[in-house]
Amino acid sequence: MKQAFLPSRLLNLIFSCFLFGLIFLLTPDQTRADRDTNSYDGNIFALYAGNGALVPPSISLEAAIKEKRSILLAFYLDDSSASKRFAPLLSDLQGRWARDVEIIALTSDPYEVNPNAPVDSPNHYWSGSIPQILVLDANAKILYNGQGNMDEKEIETALALATGRPANQGSRSSKSFNEYNSEYGS
């Protein structure tokens with residue numbers, strides 16, 4: 001009786017391991033990042049633009065306005081496919097304009113649309129759409145306000161107006177190093 005019980009237990013163990021392995025192999029891999037989904041993959045700038053230095057911003061909006069700095073203000077969400085496609089554009093702009101402009105990238109979750117908020121509050125500028133880029137001059141005057149699929153040349157023109165520096169100086173600072181850096185916008 002004991003000998004018949006042992007092979008039965010062994011068969012059950014083998015069958016259980018087989019089922020576990022089958023379930024493991026057939027379960028979709030949820031650890032892969034996907035630019036075209038509204039899933040949370042982590043820091044979109046590090047993952048899709050090769051630039052994790054954009055967040056957190058090095059200066060607050062309030063401080064940049066107080067210091068009369070030109071500002072590129074960007075609103076995004078880490079779990080938005082449109083923001084994921086926008087990340088390389090913002091990273092490229094930072095590479096070319098960071099010496100002349102404060103780049104402030106903010107996740108829009110904590111903000112609400114409130115055009116009556118003080119001008120040093122992100123709520124004053126956020127439209128409720130992501131991604132969104134605003135270019136502000138040293139007096140916090142809006143020179144550009146774009147949402148969704150934005151034209152890089154229009155942003156460059158606004159940055160040139162804000163800084164007094166000519167637009168399109170030199171080539172892009174970041175080369176496309178993977179499939180995600182090859183296009184901008186939504």
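1. A salt bridge is a side-chain nitrogen of Lys or Arg within 4 Å of a carboxyl oxygen of Asp or Glu. In this predicted model, the side chains of Glu 156 and Arg 96 meet that definition, with N and O 2.2 Å apart. The two residues link distant parts of the chain, since Glu 156 belongs to helix α6 and Arg 96 to helix α4, 60 residues apart.

2. Both partners of this pair are shielded. Glu 156 has a relative accessible area of 2%, so the residue is buried. Arg 96, at 12% relative accessibility, counts as buried because the limit for that class is under 20%.

3. Arg 96 has a further partner. Asp 92 forms a salt bridge with Arg 96, and their closest N and O atoms are 2.4 Å apart. Both residues lie in helix α4, and because they are 4 residues apart there, about one helical turn separates them. Asp 92 is buried, as is Arg 96. Together with Glu 152, the residues Asp 92, Arg 96 and Glu 156 are linked in a network of salt bridges.

4. The structure holds 5 salt bridges. One of them joins the side chains of Glu 102 and Arg 69, at 3.1 Å from N to O. Glu 102 is in strand β2 and Arg 69 in the loop between α3 and β1, so this pair ties together parts that are 33 residues apart in sequence. The two partners may be described separately: Glu 102 is buried, with a relative accessible area of 14%, and Arg 69 is partly exposed, at 26% relative accessibility. As a general point, side chains of opposite charge can pair when their charged atoms come close.

5. The overall plan is as follows. The protein has 6 helices and 4 strands, and along the sequence they follow the pattern α-α-α-β-α-β-α-β-β-α. Of contacts between residues at least 6 apart in sequence, 66% join residues at least 24 apart. Buried residues account for 40% of the 186 residues.

6. Which residues touch the most other members of the largest nonpolar core? They are Phe 45, Leu 72, Leu 90, Ile 133 and Ile 155, in a core of 27 residues. The elements that give two or more residues to this core are α2, β1 (71-76), α4 (81-97), β2 (102-107), β3 (132-136) and α6 (152-163). The largest share, 6 residues, comes from α4.

7. Leu 90 shows how such contacts are made. Leaving aside neighbours within four places in sequence, Leu 90 is in contact with Phe 45, Leu 54, Leu 72, Ala 74, Ile 103, Ala 105 and Ile 133. Apart from this core lies another core, of 14 residues, among them Ile 65, Leu 73, Ile 104 and Leu 136.

8. Leu 10, Leu 13 and Ile 14 form a nonpolar patch on the surface, with about 300 Å² of accessible area together. Of these residues, Leu 13 is found in helix α1 (residues 2-26).

9. Is Ser 58 buried or exposed? At 71% relative accessibility, Ser 58 counts as exposed, because the limit for that class is over 50%. Ser 58 lies in the loop between α2 (44-48) and α3 (61-66). Ser 58 and Ala 105 are 47 residues apart in sequence, and their C-alpha atoms are 9.7 Å apart in space.

How values were computed
Residues are numbered from 1 along each chain as its sequence is written. This is a predicted model: local features need pLDDT of at least 70, side-chain atom pairs count only at pLDDT 80 or more; totals for chains, interfaces and linings use all residues. Side-chain values use heavy atoms; hydrogens and water are left out. Patches are made of residues with over 30% relative accessible area and no salt bridge: like charges are joined within 9 Å, nonpolar side chains (Val, Leu, Ile, Met, Phe, Trp, Tyr) within 5 Å. Accessible areas come from the Shrake-Rupley method with a 1.4 Å probe; for residues, only the protein chains shown count as cover. Buried means under 20% relative accessible area, exposed over 50%, partly exposed in between (1.4 Å probe, protein chains only). A nonpolar core is a set of buried Ala, Val, Leu, Ile, Met, Phe, Trp, Tyr and Cys residues joined through side-chain atoms within 4.5 Å. Contact means heavy atoms within 4.5 Å.
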